[in-house]
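Me: I'm new to this one, so let's go through it together. Here it is:

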Amino acid sequence: MLGYGWHSFAQKPTLDYPKDYFLFPINPQQRNYLAGGMGDLRSNHFHAGIDIKTQGREGLPVYASADGYIAEIRVQTGGYGNVIFIKHPNGYTTVYGHLRTFAEPFAAYVREERFKNKTFEISLTPSPEQFKITKGQIIGYSGNTGGSGGPHLHFEIRDIRNNVLNPLYFGFKEIVDDLPPIFQKIILKPLDLEARIAGEFTSKSFTPTRKSDGTYTIGEGTISASGQLGIALLAVDKMNETANSNGLSCVELLVDGKEVYFYHLERYSEEYSHDINVHIDYPLYKQTGERIQKLYIADGNDFLPVYHASASKGKISIQDDNAHEITIKIWDAYSNLSTLKFMVQKPTQAPTASVEPNKSPTQIKHTIEDNTLIISAKNLKTATSFCNLYVGSSILSVPIAYSKNNQAYYLWDLRKGIPQRISVDSIFAETMIQKVVVPQNPTTIDIGKLQATFDSQTLYDTLYVQTAAQGFQFQLGNNLIPLRTPAQLSYTVDSSVAIPDKTAVYTQERKFLGGKWQGNKISFKTDVLGKYQLLTDTIPPRAVLVSKSKDYFAFKIADNLSGIKRFKVMLNDEYILCDYDYKRALLWSVKRTDNQQFIGELLLELTDNQGNALVYTTKIDSSSTKPKVVKTPKKIVKSKRKK
Ligand SMILES: [Zn+2]
């Protein structure tokens, strides 16, 4: 944990920020607008800076925020795209991402280094003397390069330890926000076997309503629930005169007026960014696309140093008959506050734990949620039939935990033992739990044709391993389980693979994972669990020349399956610099010097991840003065945009 100290009430921000030190990098001294805020919940990361709008277009001058020097300059296909890092004398670093172009002389420096290294992507760290920068100097022009979904400038401020800070705490007058955040959804989640929400052991979602005084509540104001509960939240912040929805700065949870959880992403190291997957309800995100943040510190969340919490880590325990007041406070970076209050009370009557007996055959189903095995059964022979769990050589009988619509529910804490089989009214089912892997414990498991190695950091929480395998398809766990670091898997196929060096592992969504063959066994790394498939790619990438002249040429490029790995463009056997935008599937020429002309034999070599290569040649003659634009055929589709 970082040394924030404990505050019984949310204090924000807690650090000292030099005000008026940094210049706003776009249209300084004018009103500006944001398309994204620091800490916004994004795919696999917390947003590390602010996204400054650029009037929907590219090419706006980007100004250095303060004196300093260029510490790093990069060209990336995804991520930041073209990006500059400036280190300042006060120890801070500012970052300017998704630039369309660098200003001179940095652009020429990058071009020459790329030419020398014959590469599109590059990361350069000039010496402090090489590119000294003065405050307000134009360092580049705004763009949409890398993993950007529209023109904007991504701007970060980092401290001397490279921790990310919220730029909005530095007193920029260019941004105005006096609108409070908006509550959108509250979820209550059962966290122990005794927990019931509206009589059931299942998460329930509630829609907050805004009252005339501006505060929020839920429905009738009282929720019937008991046991250990967790609260999760969906909320957005709005800023003046812009439709964009940003994230929150702070969240506080109070029970009966006492703070039990406080979240503030004020300063964090990027190494924790991936841990957003344990900060949000990850299964819900995979199922609905909504990033709902937990207001408790879940098991396995030992990484993010952004919380204050009670001993119960924000988990709420409703044991007595009193009504308990839940208060949630949410703030944006400008200290605008919204408050939600509701009551939680244990129901006066215990939920029913019996059903009406039925003569039809009993049916049983089971699922695993966190550490709980949930068994549901219908058409029970008796009103209170037990569920038998076969754990090792013992048989344990579990009574009905609760019933709903004549369906009986049984709950079992898997930390107390792993049942191989379950039965109700002599109807049996296999749980299919083949192994248990606990986090922080390097483990290799062997299950038939599948082998998996987890290092000490791979898992956030205990994994109850269920697998399946048939032919060229296999499964380990499911995609609702987040991994902190990749797992190493291998799979042995029964029959030999026709073209092993063109066959690799892909996810169910056909994302290329690769793999190395050793006989009939393929080994690969994966950062997602779930279903995998072996697919064969023997088809080289495609390229269509869409523009051709002695001053400029461009290709649309695409691949059918494994994806484009690299490209190389030569003119008369000399390396030619090209820029590439995966979002537009466009590859185009870059002049090394103003008077460079592209006359002669042009050769494009495109290689996919499976090693299939396309070699395309064409001739450009001196007569072509105007770019000849060729219409793109329908066959070349745009590659998918990264999130
Ligand atoms: Zn951004």
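Me: In what order do the four strands of the open antiparallel sheet lie?
Reply: This is a predicted model, where local features need pLDDT of at least 70, side-chain atom pairs count only at pLDDT 80 or more, and totals for chains, interfaces and linings use all residues. Residues are numbered from 1 along each chain as its sequence is written, and side-chain values use heavy atoms, with hydrogens and water left out. Strands are DSSP runs of E, at least two residues, numbered from the N terminus, and two of them pair if DSSP finds at least two bridges between them. β53 (574-575) and β57 (613-620) sit at the edges, each pairing on one side only, and the order is β53-β52-β56-β57.

Me: What stands opposite Phe474 in β49?
Reply: Four bridges join β43 (residues 473-476) to β49 (residues 530-536), and the two run antiparallel. Phe474's opposite number is Tyr532.

Me: Which residues are the protein donors of the zinc ion?
Reply: Donors are N, O and S atoms within 2.8 Å of the metal (3.2 Å for Na, K and Ca), and water is not among the atoms, so sites may look incomplete. In sequence the donor residues follow H-x3-D-x102-H. Lying 2.0 to 2.1 Å from the zinc ion, they are His47 (NE2), Asp51 (OD) and His154 (ND1).
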